[in-house]
Amino acid sequence: MEEIVKCHLGDILNFRRGYDLPKTQMKDGTIPVAGSNGIIGYHNESTPITPCVTIGRSGCLGIPYYYENCWAHNTVLYIDDFKGNNPKYLYYLLKTLPLSSFGGGSAVPSLNRNHIHPIEIFYIKDLQTQKRIVDILSVLDEKIELNRRINENLE
């Protein structure tokens, strides 16, 4: 059995705030601009880290998204250091955490990376096991998406 390690979230990844990009400065392109609620537009440049795993930082908090390539908007936090872990494994791990409960602010909720890096978590350190978990969950995600498209078509 693989060892499950208890550590802090910041021990296995590092979040960084995304970059400002007003709609008026978005240039025609195919790179998704990742906002706190998903894709908010397209641009011709990407954030230098790929793949791109984001969570909502402002507005819609803590929901993880996975992109092969994206521009991380300033309304998100993105992982700029996977610390040797499988990026998609970290995405699935983030989906299990109640990150939105660490938000603050009154008018517009916001999430500070300094408040979530210290969260205690359990994770599997072995990269082969991380890959096997990703392979299984990715197949399930593909099936769910296929079923969603079938249902949409039937409606």
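H2 and H4 are roughly perpendicular to each other, a label used for angles of 65 to 115 degrees. Their axes, which are lines fitted to C-alpha atoms over the stretch in contact, cross at roughly 65 degrees and come within 9 Å. H4 covers residues 127-154, while H2 covers 87-95; helices here are DSSP runs of H or I with at least four residues, and strands are E runs of at least two. The crossing is left-handed, meaning that the near helix is turned anticlockwise from the far one by less than a right angle.

## About the model

This is a predicted model, where local features need pLDDT of at least 70 and side-chain atom pairs count only at pLDDT 80 or more, while totals for chains, interfaces and linings use all residues. Residues are numbered from 1 along each chain as its sequence is written, and side-chain values use heavy atoms, with hydrogens and water left out.

## The cores

Now for the nonpolar cores, each a set of buried Ala, Val, Leu, Ile, Met, Phe, Trp, Tyr and Cys residues joined through side-chain atoms within 4.5 Å. The largest has 27 residues, and Leu9, Ile12, Phe15, Leu94 and Ile121 have the most contacts inside it. Among the elements that each supply at least two residues are strand E1 (4-8), helix H1 (9-12) and strand E9 (120-124). H2 gives the largest share of this core, 6 residues. Apart from it sits another core of 7 residues, including Ala34, Tyr67, Cys70 and Ala72.

Leaving out residues up to four places away in sequence, Ile121 touches Val5, Lys6, Cys7, His8, Leu9, Ile12, Leu93 and Leu97; a contact means heavy atoms within 4.5 Å.

Thr54 lies in strand E5 and is buried, at 0% relative accessible area; the cut-off for buried is under 20% (1.4 Å probe, protein chains only). Among the residues Thr54 touches, beyond four places in sequence, are Ala34, Tyr67 and Cys70.

Ser36 sits in the loop between strand E3 (31-35) and strand E4 (38-43), yet counts as buried at 10% relative accessibility. Its contacts, again not counting residues up to four places away, are Gly56, Arg57, Ser58, Cys60, Tyr65, Thr75 and Val76. From Ser36 to Ile121 it's 85 residues in sequence and 23 Å in space, C-alpha to C-alpha.

Methods: Buried means under 20% relative accessible area, exposed over 50%, partly exposed in between (1.4 Å probe, protein chains only). Axes are lines fitted to C-alpha atoms, for helices over the stretch in contact, and angles run from 0 to 180 degrees between N-to-C directions. Angles under 35 degrees count as roughly parallel, over 145 as roughly antiparallel, 65 to 115 as roughly perpendicular and the rest as oblique.
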